[in-house]
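This report describes a predicted model.

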Amino acid sequence: MSEGLDGVDDQGSIVEPVRHAWELARPDDPDVPAMAHRLLRSISERARSRTELLAAKDRAAQLPEAAPRTRTDGATGERL
């Protein structure tokens with residue numbers, strides 16, 4: 001599906017104009033942190049995620065065992 005210059009695609013539908021343009025940041029862009037900073041941030045985020053995952057697993061292991069689930073017929077309450 002290609003968009004023409006008149007804001008109408010090849011199927012006759014009206015298309016909104018593009019409001020944002022995405023492009024790769026250059027290393028000399030002022031809002032791109034240094035490579036070392038970006039790597040350390042990634043390592044920190046990974047360590048935090050792992051810590052949160054392990055904490056969640058520990059909490060799940062401490063929960064009491066649930067009773068075995070059985071399926072029932074919703075209308076009669078009879079076990080299937």
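Is Arg26 buried, exposed or partly exposed? Arg26 counts as partly exposed, at 46% relative accessibility; in this classification buried means under 20% relative accessible area, exposed over 50%, and partly exposed in between, with a 1.4 Å probe and protein chains only.

Arg26 takes part in a network of salt bridges together with Asp28 and Asp29. A salt bridge is defined as a side-chain nitrogen of Lys or Arg within 4 Å of a carboxyl oxygen of Asp or Glu. The structure holds two salt bridges, listed below.

| Salt bridge | Closest N and O atoms | Relative accessible area of the Asp |
|---|---|---|
| Arg26 and Asp28 | 3.3 Å | Asp28, 57% |
| Arg26 and Asp29 | 3.2 Å | Asp29, 17% |

The protein has 80 residues, of which 4% are buried.

Residues are numbered from 1 along each chain as its sequence is written, and side-chain values use heavy atoms, without hydrogens and water. In this predicted model, local features need pLDDT of at least 70 and side-chain atom pairs count only at pLDDT 80 or more, while totals for chains, interfaces and linings use all residues.
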